[in-house]
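Let's take a walk through this structure together, one region at a time. Have the viewer open and follow along as we go.

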Amino acid sequence: MTDSTESTGPTAPKLRLGNGDGWGYAPAPESTDHVELRDRYGLFIDGEFTEAADGRTFETANPATEEKIAEVALASDVDVDRAVAAARRAYDEVWSQLAPRERGKYVYRIARVLQERGRELAITESLDGGKPIRESRDVDIPLAAAHFFYYAGWADKLDYAFPGRGARALGVAGQVIPWNFPLLMAAWKIAPAIAAGNTVVLKPAETTPLTALKLAEIIREAGIPPGVVNIVTGAGETGAAVVQHPDVDKVAFTGSTEVGKLIRRTLAGSGKHYTLELGGKAANLVFEDAAVDQAVEGIVNGIFFNQGHVCCAGSRLLVQESVADEVISKLKDRMETLIVGDPLDKNTDIGAINSRAQLDRIEEYLEIGEAEGAEPFQTSCPVPERGYWCRPTLFLQASQSHRVVQEEIFGPVLAVQTFRTVDEGIAMANNTPYGLSGGVWSDKGAKAFRVTSRIRAGVLWANTYNKFDPTAPFGGYKESGIGREGGLAGLHAYLQPEAAA
Amino acid sequence: MSEQRPAGAAAADRLPVLKTHKVYVGGKFPRSESGRFDRALAPDGTPIANICRCSRKDVRDAVTAARGAQAGWAARTAYNRGQILYRIAEMLEGRSAQFEALLAAGGAAPDGAAAEVQAAVDRLLHYAGWTDKFQQVFSSVNPVATSHFNFSVLEPMGVIGVLAPESPLLGLVSAVAPAIAGGNTTVVLATGSQPLPAVTFGEVLNSSDVPGGVVNILTGRSDEMLAPLAAHRDVDGLLLCSPDPDVARSAEIEAVHNLKRVAVRPHEDWAEVQSPYEITDLQEVKTTWHPIGS
């Protein structure tokens, strides 16, 4: 399949190894033996697991096999009410009364148990969400633990959060998270909130509730007082009940820009605090003075990490014209080596698309891109018969007005454009309504600094991509969101400065 | 109307030259494109002057001017922005008597008018000093657990729409100074009951080395101008200085179109509204990663 006669460009490799030429990898599946999954999961309210008041449930399935994993309670307004009431009571009577140092100790405990149960959580994440075990094991779970560890240490240092001002917690936070990094997003939401002294009601995404519910078990195991963290599962209606609840003081949402705007509208005039972490359409700019092989790795990581289900994915490649042929040729070669398949196999690069609905959406964009006149390229790797899969895809010759350039696809689909001058590249990078992230590839330090400073986005990666850390603030400009998560800026999102003395 | 003129009382044998109050857009003093006017009134209802009743088209022109000036203003060094804010303070100090007279005509007691002008000068000075300091206090180097140099800096939001407060000079200065100190440009709706100090403040700005378009000041009615400003897709943030929750709410809803950042300042007394958080509330945080290696 990697016939070398297809090589183009002066630096195309003489020998390329792919999946179909006898050099493939033997299966290396992660054992699921010691992962305990129940058939049925309840809501976590006031320290107890309970059924929904009306007894309704929904199913969560493995997107790699389409098989049901568990039944999960579907929370209604009544359940959300109970959860918010529990959070309010815990805030008033327990959490706000606790010495900050002791509050911090509880949060540290969560970090430690997450590390202890890391393997189980990684497997559960890959089973429920479809992401490759290598990523859940090496990225999602360790970063989730690191987030709790980082924010735990802030609990008794809030006096240093706002120079010249005291700080106080906001109260009850209502939080809604997406399905692309289920446990990590729960950690991003819960860790700073409770370390700063708030209590929370968190709603995980309906396709990936399991690791959040395992986190609930861990929170109970860690002895966190009842009501400090409540987890209500369900779909959009449950999420709406959380963010619209009148007794919620702070709303934190990660998800689509469309839903983010709806939430923002309901919050108008309420004086409530909010952070929105929304969509993106990041450009990865490759300049002619880039280290091309490194850049190709960065492009691949930028768009194919987590099946492209990443709000900050580098979903647009902007490559300087003089190196475009070489970069695209090497990129195609590298893409041919990517293995799509069983998320639990340690060789897998691209796992399952998270849901049927998301696969439909991606496939719709594949049709749109072609209809608009961009030139599609897909790799030839085999994909399993059952489950939801999408081969890594390029749209070459894309134009700035194409929907595959302007709109977030949230899949392994990269739109490719070329530019001539630095200014043109920057202008193209900035020419979408989004502003979450961006990448710059150049071996000239001065240029890298200049370009990163001129891209209107909240996170810029120079000669790297998709790096995350609890100490590094993350969040968008423009329609990619409002507010930051991570670092001190992420702590500010759960505090208010006291009035000047 | 000459007998109600606030400043430059005429000698008996000389007819005073009356001033036409225009607006300040892009460093120029145009009239409203609409040709309409309103009357500025003394507290007893006596007309003091004619002012421009700006339209939504004027709002759009002002946004264009603010956008055109934004990149250049943000690219000025912090030192230079500080000197320009200091220069505004110098110019305002030099025209204290004129502003005292304007405030007195609007109903302020003479002592109060003098104190307000002094406070406004001092406020400009305060923010002039912050231009090259807030970044040091509020940015960070982040100790990430990988081999990267990682830092977060503040960047201006861009174009800020300002609904100016009722407080005609100190409130105006307290809203605009921190916005421009941080590299933003502004479209200011001076729709309070005393618009003349705002119009005259445009003249101060124009003689203070402030590049045209950095501050644009429109007079008229907020019910005509606020919605188009709040909905404008080329405005990045709103600073709503109004104690009326309905005003803030309706502007916030318009702002959802492009997810403008909205800061609400309900203060009626602006004496204490001074802090670096007035600057940082109109900034974005940008995090940048650079690998460390050979």
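Which strands of chain B does helix α9 (residues 245–255) of chain B lie across? Helix α9 of chain B lies across β8 and β9 of chain B, and runs at about 175° to β8(B). Keep in mind as you look that this is a predicted model.

Those two strands belong to an open sheet of 5 strands in chain B, whose order is β7-β6-β5-β8-β9, with parallel pairing. At its edges are β7 (215–219) and β9 (261–264) of chain B, each of which pairs on one side only. From one strand to the next, the twist averages 15°. Within the sheet, strand β5 (residues 159–163) of chain B pairs with strand β8 (residues 237–240) of chain B in the parallel sense, over 4 bridges. To find this pairing on screen, look for B:Ile160, which stands opposite B:Gly237 in β8(B). Helix α8 (residues 222–231) of chain B also packs on the sheet, where it touches β5, β6 (185–190), β7 and β8 of chain B. The direction of this helix makes about 160° with that of β6(B).

Now let's turn to where the two chains meet. Chain A brings 32 residues to the contact and chain B brings 29 residues. On the side of chain A that touches chain B, α8 (257–267), β18 (459–462) and α15 (487–492) of chain A each supply at least two residues. Of these, β18(A) gives the most, with 4 residues. Sorted by class, this side of chain A has 17 nonpolar, 7 polar and 8 charged residues. There is strand pairing between the chains as well: β18(A) and strand β10 (residues 283–291) of chain B pair in the parallel sense over 3 bridges. Here A:Trp461 stands opposite B:Trp289 in β10(B).

Back within chain A, have a look at a pair of helices. Helix α2 (residues 100–116) of chain A packs against helix α4 (residues 133–152) of chain A at an angle of about 165°, with their axes 8 Å apart. Because of that angle, α2(A) is roughly antiparallel to α4(A). Among the residues making the contact are A:Val107 and A:Leu114 of α2(A), and A:Phe148 and A:Phe149 of α4(A). The contact residues divide into 12 nonpolar, 2 polar and no charged.

Our last stop is A:Glu321, in helix α10 (residues 321–336) of chain A. Is A:Glu321 buried or exposed? A:Glu321 is exposed, because it has 12 other C-beta atoms within 10 Å, and 12 or fewer counts as exposed. Even so, A:Glu321 touches A:Thr418, A:Phe419 and A:Arg420.

Definitions and conventions. Residues are numbered from 1 along each chain as its sequence is written. Chains are lettered from A and ligands numbered from 1 in the order in which they are written. This is a predicted model: local features need pLDDT of at least 70, side-chain atom pairs count only at pLDDT 80 or more; totals for chains, interfaces and linings use all residues. Axes are lines fitted to C-alpha atoms, for helices over the stretch in contact, and angles run from 0 to 180 degrees between N-to-C directions. Angles under 35 degrees count as roughly parallel, over 145 as roughly antiparallel, 65 to 115 as roughly perpendicular and the rest as oblique. Two residues are in contact if their C-beta atoms, placed from the backbone, lie within 7 Å. Ala, Val, Leu, Ile, Met, Phe, Trp, Tyr, Cys and Pro count as nonpolar, Asp, Glu, Lys and Arg as charged, and the others, Gly among them, as polar. Two strands pair if DSSP finds at least two bridges between them. A residue is buried if 20 or more other C-beta atoms lie within 10 Å of its own, exposed if 12 or fewer, and partly exposed in between; C-beta atoms are placed from the backbone. Lists of a residue's contacts leave out its neighbours within four places in sequence.
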